[in-house]
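Hi everyone, thanks for coming. Let me put the structure up on the screen, and then we can walk through a few parts of it together.

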Amino acid sequence: MDDRAMQYMTADRTRKRFGRHDVLYSKYTPKIPASAEREYVRTVDAYMRILKEELERGLPKLKDAYERERDAEVKAGIRNDGVTDLMLAVSSVFNAIKNSIIARTEGFGLRRRLETLAHLNRKLTIKEWKRAIKATLGIGIREDYYLGSFCMEQLERWVIENVGLIKSIPEDTLDRMREIVYDGFTNGKTTTRMVKEIQRAYSISRRRAELIARDQTAKLNGQIQRAQQLDAGITEYVWSTAGDERVREGHRALEGKRFSWYDPPVVDERTGRRCHPEQDYQCRCVGRPVFDRRTVSLPIADGGIEVSIQEGG
């Protein structure tokens with residue numbers, strides 16, 4: 001069925017729902033796929049566990065090198081080539097840790113796992129899209145419509161970007177840990193303090209990985225949601241926040257307002273920064289579709305009849 005025929009069919013099947021109105025706001029607010037977010041967090045936790053285990057294996061050698069060079073300096077009573085010797089010893093330990101991490105992460109299947117997550121996100125986002133259509137227009141759409149190449153390019157870009165993001169974390173963390181060791185030696189910190197700072201650096205990196213997981217899940221959801229709506233002839237949305245105390249002031253000010261998918265609103269008056277829902281860092285807002293009878297075009301399921309759906313269903 002061509003686009004024109006699909007638009008005519010949509011107009012015919014939804015005539016009663018629109019009545020005298022040209023525009024209908026969605027009666028259902030699509031949700032960010034929580035299960036996809038949880039699965040991504042579990043994935044990055046498992047990936048970061050590899051760093052933690054290899055770090056724990058290498059830490060005794062790191063402590064020995066640190067104590068040996070520090071004691072030598074104390075015994076000599078003067079600064080000598082200890083820093084150079086420590087750098088060599090520390091580099092050897094960290095290189096061994098890095099090589100072990102590379103060997104283990106190659107078998108982790110990060111790309112494969114992220115591809116699975118991307119398709120899970122797509123599947124759940126489509127499910128929310130169907131709920132919005134049913135609740136507002138009373139029609140069902142074909143199951144296979146979004147299974148082809150509709151958003152495959154988007155998913156591939158997301159996977160590539162996220163592989164790079166997650167892979168960079170262990171390397172960045174090890175670089176930070178090297179700095180902690182050198183700084184500790186230069187400033188005479190105890191071995192215990194140095195180890196605690198290394199452990200804190202790991203905890204910070206793990207939290208960063210989890211934040212990436214949550215942020216990137218929302219961003220992919222937002223990208224698919226925008227593509228779905230534009231493909232259906234829906235060019236506008238109503239900004240909908242999560243409605244809690246964590247919502248940014250700039251986002252809260254947009255609640256309930258109508259915007260174009262082609263012209264993102266200002267989310268920060270101070271900087272003039274613009275973005276759509278879920279594009280901002282850690283944004284949990286969504287774009288509730290605005291259905292326009294003159295442009296909406298949907299792949300209605302064969303024999304599609306008016307149906308109803310409960311918002312929590």
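Look at strands β2, residues 236–240, and β6, residues 286–292: they pair in the antiparallel sense over five bridges. Two strands count as paired if DSSP finds at least two bridges between them. The strand and helix names come from DSSP runs numbered from the N terminus, with helices being H or I of at least four residues and strands E of at least two. Across this pairing, W239 stands opposite G287 in β6.

A word on what we are looking at: this is a predicted model, where local features need pLDDT of at least 70, side-chain atom pairs count only at pLDDT 80 or more, and totals for chains, interfaces and linings use all residues. Residues are numbered from 1 along each chain as its sequence is written, and side-chain values use heavy atoms, with hydrogens and water left out.

Now let's step back to the sheet. It is an open one of four strands, in the order β1-β6-β2-β3, with antiparallel pairing. Which strands stand at the edges? They are β1 (23–25) and β3 (258–260); each has a single partner strand, so one side of each is left without a neighbour in the sheet. From one strand to the next, the twist averages 35°; angles here run from 0 to 180 degrees between N-to-C directions, with axes as lines fitted to C-alpha atoms, for helices over the stretch in contact.

What lies across β1 and β6? That is helix α5, running at about 40° to β6. Helix α7 packs on the sheet too, touching β2 and β6, and its direction makes about 5° with that of β6. Contact means heavy atoms within 4.5 Å.

Staying in β6, please find R288. Leaving aside neighbours within four places in sequence, R288 is in contact with Y25, S26, Y28, T29, P30, Y237 and V238. R288 and A132 are 156 residues apart in sequence, yet 8.5 Å apart in space, C-alpha to C-alpha.

Last stop, the aromatic rings. The whole structure has six aromatic pairs, meaning rings of Phe, Tyr and Trp (its six-membered ring) with centres within 6.5 Å; planes under 30 degrees apart count as stacked, over 60 as edge-to-face and the rest as tilted. One of the pairs is Y47 with F108, edge-to-face, at 5.2 Å centre to centre and 75° between the planes. This pair links distant parts of the chain, 61 residues apart: Y47 sits in helix α3 (residues 34–76), and F108 in the loop between α4 (82–106) and α5.

That's my tour, thank you!
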